[in-house]
Amino acid sequence: MTMATLTTVSASAQGIQYPKADKDGTVDNYFGTEVADPYRWLENDTSAKTAAWVEAENKVTNDYLSKIPFRQKLLKRLTEVSNYEKLSAPVKHHGKWYFYKNDGLQNQYVMYVMDELGGEPRVFLDPNKLSTDGTVALKGVYFSNNGKYAAYSVSRSGSDWQEFYVIDLATGQLTNDHIEWAKFSGAAWLGDGFYYSAYDAPTKGKEFSNVNAGHKIYYHKIGTPQSADVLFYQNAAYPMRFYTASTNDEETMMFLYEDGAGAGNHLYVRDLRVPNSQFTQMTADMEYRYSPIHTEGDKIFLFTNYGAPKNHIMTADIRHPGVQDWQELVAEQQNVLSDVSVINGKMILTYSKDASDHAYVYDLDGKQLREVTLPSVGSVGFTGDEKEPECFYTFTSFTVPGTIYRYDIATGESTLYAKPSVKFRQDDFVSEQVFFQSKDGTRIPMFLTYKKGMRRNGKNPVYLYGYGGFNISLGPSFSATRIPFLENGGIYAQVTLRGGGEYGEEWHQAGTKTHKQNVFDDFIGAAEWLIKEQYTNKDKLAIVGGSNGGLLVGACMTQRPDLFRVAIPQVGVMDMLRYHKFTIGWNWAPDYGTSEDSKEMFEYLRGYSPLHNLKPGTSYPATLVTTADHDDRVVPAHSFKFAATLQECHQGSNPVLIRIDTKAGHGGGKPLAKVLEEQADIYGFIMQNIDMRFK
């Protein structure tokens, strides 16, 4: 089917003519209930018919976006504020220092090496040279324990698929080693080889949509072809689970992780000091998370929420590794333990209090030594080596770009190491945290960032953002792309929704399965509170979210189309009845449940599924759905079917469009040039539709 055969349907006072998508007679039966799915054909993302629809939709969308009068001016300002040197904290490997740097507008960060701290940096690995358009991204770098090699993985066009290559550290040259079809994998070194996780090569043409099943662990010996790699582990009884391996620096212990069937994982350990040793299962319940953070002789230090919803640190002995024999080292606290780093024989524990970070130094006996004094309210991440004295942390907040400090663990003194220079007046903006009551009375936090002198007159534009799922926490963070919106009088509002990890496992569970509506109620409650408190009004309110946050936006705009002026569901999970049938969608069942679980679960999912709650004759907010052709995390079919149905149902003058990116995926590794174009489109669409002036 060519584009010319697609008819159009006029559906707007603005004169937008949307491509009319064909409807077929597909009907599914769930526990005796028939559910029509007339745009099922859009799930076939490689068909000529789908390609024609995508081309037609993009033409309509691009025509609209190109007519936004200030779009080029907005893109210019977005480019200016993004053009600053960005650095990572340096990390030591085998006597040399490595760090990442972006000069300003490079599509991908470049990895550098220094012989000594503060020495002359040399390029170690430049992903920008791996493609002409910046669409090959570096996923991870893994140094061998013997100091001879570094394995690195890349992804192409935003896909979750990984390819591994190896650098000889003595010469700096690539070896002939090359591994394909790895996924959700690091490189766990043992001698002159490493373990990695992969799937069988997928069916040609279905690389980005077919279900991923049968995760396997292989061992690759340097200098041999992938065809010679040894299958180390598979579990045919559970094809819908992930299996990954890790080794400690001393190569005395190996861990095996099994997850994908609960809120947590199983953990197994193998003593590499014992010839032909086998794995011993350490854990008994996949509803809890277990992560080894340090080993010392026979002792294993573990970060876990087993027996502690807000997390604690326990120790195990490899000779008696079962969970029943573990000892508590650092007890659960009032605040959530969110991260642990072992540096120079000390532990640095990061706790989240009302979604912002506090850090403390402990000894390996579990005794607290001191608090790390952080610059202000924000988020922090520590880097260092278990045995090396140097320690760094990167601090960020809504108004402070990632700033690196050197930290003296012995004295507790912080020294500024690197501070970015962003072309905006940092002191002109302020952040505050507010609290409001959700529908059921739960106290919900929200961060607000805006220009000093903002008046609560009920007329301020608001960009309302949330996620609310999978135990993921949203803390304060800096984004240069927010600056033009804030400079022009906008408020950035970030809501701490249930379903996240900000208050521990109970907070997470309160936003899962048959409690998922709590997440939407929290987000709707945030919008209503901002209106009630005179920050804004419904005609100045835009809601934005990606992935599970795209589901959030889709659910809220279908439940309360009257409450928001603009909706931006990005790479969203929109079909809650079929999400588990694509790529790794099955892995989200612990948070969502599936339509096959029970009649009750099917009815609950159908009750909020964005695709299934679009109603004919309804006036929806101005909507820009975004997705990408290589998204193999949340396949674009979700957004395709939602957009086609939205355009069919929508009654009113608001534009309802879909932006489909090419050579891009779920978002990770996207080249900066593509990010800036997308942000110009999103912010331009928002500002145009809430009648916001761009000065």
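This is a predicted model: local features need pLDDT of at least 70, side-chain atom pairs count only at pLDDT 80 or more; totals for chains, interfaces and linings use all residues.
**Entry 1: strand β28 and its partner**

I began with strand β28, residues 356-363, and found 4 bridges joining it to β29, with the two running antiparallel. A note on terms for a new reader: strands (E, at least two residues) are DSSP runs numbered from the N terminus, as are helices (H or I, at least four). I call two strands paired if DSSP finds at least two bridges between them. Across this pair, tyrosine 362 stands opposite glutamine 368 in β29.

Residues are numbered from 1 along each chain as its sequence is written, and side-chain values use heavy atoms, with hydrogens and water left out.

**Entry 2: the whole sheet**

Which strands make up the open sheet, and in what order? I read 4 strands in the order β26-β27-β28-β29, with antiparallel pairing. At the edges I found β26 (336-343) and β29 (368-372), each pairing on one side only. On average, neighbouring strands here are turned by 25° against each other, direction ignored; the axes are lines fitted to C-alpha atoms, for helices over the stretch in contact, and angles run from 0 to 180 degrees between N-to-C directions.

**Entry 3: glutamate 163**

Next I visited glutamate 163, which sits in strand β12 (residues 161-168). Is glutamate 163 buried or exposed? I noted it as buried, because its relative accessible area is 14% (buried means under 20%, exposed over 50%, partly exposed in between, with a 1.4 Å probe and protein chains only). Its side chain makes a polar contact of 3.1 Å with that of tyrosine 165. Such a contact is a pair of N or O atoms within 3.5 Å; within protein, one must be able to donate a hydrogen and the other to accept it, and residues adjacent in sequence count only if both atoms are side-chain atoms.

**Entry 4: two positive phi values**

Asparagine 276 has a positive phi of about 60° and lies in the loop between β20 (265-271) and β21 (280-281). Asparagine 276 is exposed, with a relative accessible area of 71%. Valine 571 has a phi near 35° and belongs to the loop between β39 (566-570) and α7 (589-592). Valine 571 is buried, at 10% relative accessible area.
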